[in-house]
Amino acid sequence: MESLNRYNFTKGFFGTNGVHPQRGLTTPDSEEALVKKKVMERCARCFVLADSSKIGQVTSITFSDMKESEILTTELKASSYKKYKNIVEVK
């Protein structure tokens, strides 16, 4: 973890198990969450890749606020998420 402090990233691409407006970006793995959180802090721009089944889901550990990244997803099933400017549907 300490060695990550030496790196600066222009763009970072991350996966997630859950995307939720109040709970943020989540994963069930605590070590993975720590690494993602640290690397995201070192990125100029973060992209999260999550198919639409992850939208609205919450797993045990939050590693970032939802609004801190651009979220690329497949066709949204829940229209309530279409209001978020940082969620982009890719067809």
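Predicted model: local features only at pLDDT ≥ 70, side-chain atom pairs only at ≥ 80, totals over all residues.

**Briefing: charged pairs, sheet and aromatic rings**

Arg-45 and Glu-70 are joined by a salt bridge in which the closest N and O atoms are 3.0 Å apart. This pair links distant parts of the chain, with Arg-45 in strand 4 (residues 43–49) and Glu-70 in strand 6 (residues 70–73), 25 residues apart.

**Salt bridges**

- Five salt bridges are present in the structure, and one of them is the Arg-45 to Glu-70 pair already described.
- Another salt bridge joins Lys-54 to Asp-51, with 3.7 Å between the closest N and O atoms.
- In that pair, Lys-54 is partly exposed at 23% relative accessibility, and Asp-51 is partly exposed at 35%.
- A further salt bridge brings together the side chains of Lys-82 and Glu-89, at 3.1 Å from N to O.
- Here Lys-82 counts as partly exposed at 45% relative accessibility, and Glu-89 counts as partly exposed at 27%.
- In general, side chains of opposite charge can pair when their charged atoms come close.

- Four strands make up an open sheet in the order 1-4-6-7, and their pairing is parallel.
- Strand 1 and strand 7 (87–89) are the edge strands, each of which pairs on one side only.
- From one strand to the next, the twist averages 25°.
- Strand 1 and strand 4 run parallel and are joined by six bridges.
- Within this pairing, Phe-13 stands opposite Phe-47 in strand 4, while Gly-15 has Leu-49 of strand 4 as its bridge partner.
- Strand 4 and strand 6 also run parallel, with three bridges between them.
- Leu-49 stands opposite Leu-72 in strand 6.
- As a general point, the strands of a sheet pair through backbone hydrogen bonds, either parallel or antiparallel.

**Aromatic pairs**

- Three aromatic pairs are found in a search of the whole structure.
- One of them is the stacked pair of Tyr-7 and Phe-9, with 6.0 Å from centre to centre and 10° between the planes.
- Tyr-7 is partly exposed at 45% relative accessibility, and Phe-9 is partly exposed at 28%.
- Phe-13 and Phe-47 form a stacked pair as well, with 5.0 Å from centre to centre and 10° between the planes.
- The Phe-13 and Phe-47 pair links distant parts of the chain, from strand 1 to strand 4, and the two residues are 34 residues apart.
- Phe-13 counts as exposed because its relative accessibility of 53% is over the 50% limit.
- Phe-47, by contrast, is buried because its relative accessible area of 9% is under the 20% limit.

**A nonpolar surface patch**

- Met-1, Leu-34 and Val-35 form a nonpolar patch on the surface, and together they have about 270 Å² of accessible area.
- Met-1 lies in the segment before strand 1 (9–15).
- With a relative accessible area of 46%, Met-1 is partly exposed.

Conventions:
Residues numbered from 1 in each chain as written. Heavy atoms only, no water. Patch = residues over 30% accessible without salt bridge, like charges linked within 9 Å, V, L, I, M, F, W, Y side chains within 5 Å. Areas by Shrake-Rupley, 256 points an atom, 1.4 Å probe, with all protein chains shown as cover. Salt bridge = Lys/Arg side-chain N within 4 Å of Asp/Glu carboxyl O. Buried < 20%, exposed > 50% of the residue type's maximum accessible area, 1.4 Å probe, protein only. Pairing = 2+ DSSP bridges. Axes fitted to C-alpha atoms, helices over the stretch in contact; angles between N-to-C directions. Phe/Tyr/Trp six-rings, centres within 6.5 Å; stacked < 30°, edge-to-face > 60°.
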